[in-house]
Amino acid sequence: MGKYVDFRLPDCKTQEELGSTLIEHLTVNRIKAKKPCFLYLTGESGEGKSYTGLAISKIIAEAYGLDFLRVMDNAVVYTPLEYSFKLRNILYAKELKHLHVIMIDEARDLLSSKTWYDFINRTINDINNQHRGVKPLVVIVISQDLGDIDYATRKTIQYRGKCLRPIGKNAVLHLKRFWKDEHDISNVKLRERSLRGFLRHDGRSHKVYIGDIRVKLPSKNIRDVYDKHSFIKKSEVLRRKIEMIEKRIQKEMYGEYDKIGMLVDYYSQNDLLMKFVTVRKGNNYHIRSDFKRIHDLTGSDLKDFEERFLNRIAGD
Amino acid sequence: MLKPYKKSDDLFSEEDDVDLILQSALNRALGALGKGVEMGNFETGMMVKNLEVDQAVIIAENLGYFSHDDLENFLSGKVDESDDKLISDTKISNLKIGFIISKVQEKKPKRADAII
């Protein structure tokens, strides 16, 4: 579509049909026309960014006739460590030749702000250089805010989605289009505007702009697989970090140190880390079943950890 | 003397979602319209003004806000032929701009919500 019009959609009977047709037109049609398509999803923690990214990826995968659940693990980059391998796979693996989407999930909770900033900027530029000429891709990048990418990198992004999730309701996506304001050529500014285009209805084309895009929860199967993989991959990174701290402490303390105490201190630092440890059942919190395996704990270690950790977060 | 339109910046903003080229043409035309009247030198003022207004008409027509016949019909019912030539030109230009604005506002895009 052109500079001022983002889509020209056929008659859609329901809002669901409009949603999937719209996403398909904005993304799949762009890459079919050999144009880059970067979508940057922002929002605070817990606003539904990852599930929104999954919903969009699913629409793109299905547009190419794929079962999203089967390719999801290939399309989602859970941690920066997997990025190179997964991108190479999507670009060159024969069995993934119809997969045209990659989603870089937020991993800010695993890294320092500076490392995350460097990773995101480098990744966007890297994908921009690598995939052109090999395979057109829709790239979805998830991070907390626009400040995580520098100004030059922002210019390579086409769409920005802001996610908000009112309590007790589904997430809402506000999708905007970036455009370059070149009225003053000595001072080109990057601006964003609503998505607009034409929608066929009752035999006529109506000029419309897109308001709210409500994001339904992905199916339970998709959620379960995503949550499980995300937890395992991210825990793996955390485990490595903790092992490094452990070694440093062991060196300083000549082997006499409290491993459980160190784990309690580490994981109770903030809410993001706590979610890797606890799972809520009703009004009670329990330690996740994988935690024992990840940190190589014995049964009594786990019991000790559970007691001390829950006391800590209860403010004891 | 006819009153110029209020400053164009107040009429259209980015949020109105008027096509950018038309927005800019209208802003120029409205500016020139006011200026032509202010200048007192009607001949020069009118020339600039009519040129700008005609450009805005052509752009709006091409963008599908109205057809040429719509505009002709509208003007034939509004312009009083007994007016002095210069005043009549100013009036026609004013009417044309007024007509574009009303058509643009009629065609303001509607909001569409979606679910994914």
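These entries go from the contact between the chains to the cores.

Ground rules: this is a predicted model, where local features need pLDDT of at least 70, side-chain atom pairs count only at pLDDT 80 or more, and totals for chains, interfaces and linings use all residues. Residues are numbered from 1 along each chain as its sequence is written, while chains are lettered from A and ligands numbered from 1 in the order in which they are written.

Entry one, the contact. I found 25 residues of chain A and 13 residues of chain B in it, taking two residues as in contact if their C-beta atoms, placed from the backbone, lie within 7 Å. β10(A) gives the largest share of the chain A side, 10 residues. Helices (H or I, at least four residues) and strands (E, at least two) are DSSP runs, numbered from the N terminus.

Entry two, the strands. I looked up what β10(A) pairs with (pairing takes at least two DSSP bridges): five bridges join β10(A) to β1 (residues 110-115) of chain B, and the two run parallel. A:Val208 has B:Lys110 as its bridge partner.

A nonpolar core is a set of buried Ala, Val, Leu, Ile, Met, Phe, Trp, Tyr and Cys residues joined through C-beta atoms within 7 Å; buried means 20 or more other C-beta atoms within 10 Å of a residue's own. The largest has 61 residues, and A:Ala75 is among those touching the most other members. α2(A) gives the most to this core, eight residues. I also noted a second, separate core of 12 residues, including B:Tyr65.
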